[in-house]
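Subject: Structure for you to look at

Hello,

Here is the structure I promised, with the sequence alongside. Please open it first, then read the notes below.

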Amino acid sequence: MCVPASVPRPTAHSLNNIKRKMDGVGSFGAGRAGAAFDPIAFIQQPQTILRILSWLFSMVVFGSIINEGYVNHGSERLYCVFNKNNSACNYGTAIGLIAFIASIFFLILDMKFQQISSIKDRKKAVMLDIGFSGFWAFLWFVGFCFLANQWQRTTPDELPLNQGADAARAAITFSFFSIFTWAGLTVRAVQKYMLGTDMSLFTTEHTIDGNPPVQPYPTVPVTEPTDTYQSPPFTENLDSNTAPTYQVPIY
């Protein structure tokens, strides 16, 4: 049996990549579509841990500002504890609340990601995660700098008995932590995107850009026959050019 010259034989590196993807880390970081969901393995994933931490940090930021981030020093009007700059409180509350809701959304998306059978839909989900996580990491950086700057400009006279000081420090601290959690989520999403896709992981046939899926070259070893053809035993070599002769019986 001869192997066609136009079909390259798979190398050890390509075979390892195929095996690695078939073990469940292909197709944008997910396994076979329709596989059973494992909650324990899902909780132990670094992306899930970062998602939960981002959810908790955002809740602390906007919760602290809403509950104790406003004081009424010398008047009935409420002022923001960050140098009486209501824009600082509004900014911290907005990014914290949106991050809180987005963390829940992406956490549910991560749970349902393996059930998505369409490669294009998986790619869109990963790209959405990359864009939002990267942008929100930047907004948290801006928010940390903004809140820290306004807090430095706040005088003790504006906060009698340090009213709202703990809430302001908590908002600044967890804004700083949120930078790293959302940056980590961005890195994880980029890693998922770089894994690409493997068509063999899906239970149904799909196409990419109208082209049929390409299956990997079979890895069955090719052996060349070494034994030559031998005539069966107990047969005589007959000359094909010589006509057979018959002896006429004598009566």
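A residue counts as buried under 20% relative accessible area and as exposed over 50%, with partly exposed in between. C145 has a relative accessibility of 36%, so this cysteine is partly exposed. Keep those cut-offs in mind for the other cysteines below.

One caution before the details. This is a predicted model. The average pLDDT of the protein is 76, and 62% of the residues score at least 70. Over residues 1-5 the pLDDT is below 50, and in the model this stretch has seven contacts beyond near neighbours in sequence. Residues 18-26 also have a pLDDT below 50, with 18 contacts beyond near neighbours in sequence. Where pLDDT is low, the predicted coordinates should not be read in detail.

Now the overall picture. The protein has six helices and two strands. Along the sequence they run α-α-α-β-β-α-α-α. There are 251 residues, and 32% of them count as buried. The exposed surface comes to about 16,400 Å², with carbon and sulfur atoms supplying 62% of it. Take the contacts in the protein with a separation of 6 or more: 80% of them are between residues 24 or more positions apart.

Next, the cysteines. How many disulfides are there? The count comes to one. C80 and C89 form it, with their sulfur atoms 1.8 Å apart. The torsion about their S-S bond is about 80°, so the disulfide is right-handed. Are these two cysteines buried or exposed? C80 has a relative accessible area of 1%, so it is buried. C89 is at 0% relative accessibility, and therefore counts as buried as well.

I65 sits in helix α3, which covers residues 46-68. At 1% relative accessibility, I65 counts as buried.

Best wishes

Methods
Residues numbered from 1 in each chain as written. Predicted model: local features only at pLDDT ≥ 70, side-chain atom pairs only at ≥ 80, totals over all residues. Heavy atoms only, no water. Helix = DSSP H or I, 4+ residues; strand = E, 2+ residues; numbered from the N terminus. Buried < 20%, exposed > 50% of the residue type's maximum accessible area, 1.4 Å probe, protein only. Contact = heavy atoms within 4.5 Å. Areas by Shrake-Rupley, 256 points an atom, 1.4 Å probe, with all protein chains shown as cover. Disulfide = S-S within 2.5 Å. pLDDT = per-residue confidence, 0-100.
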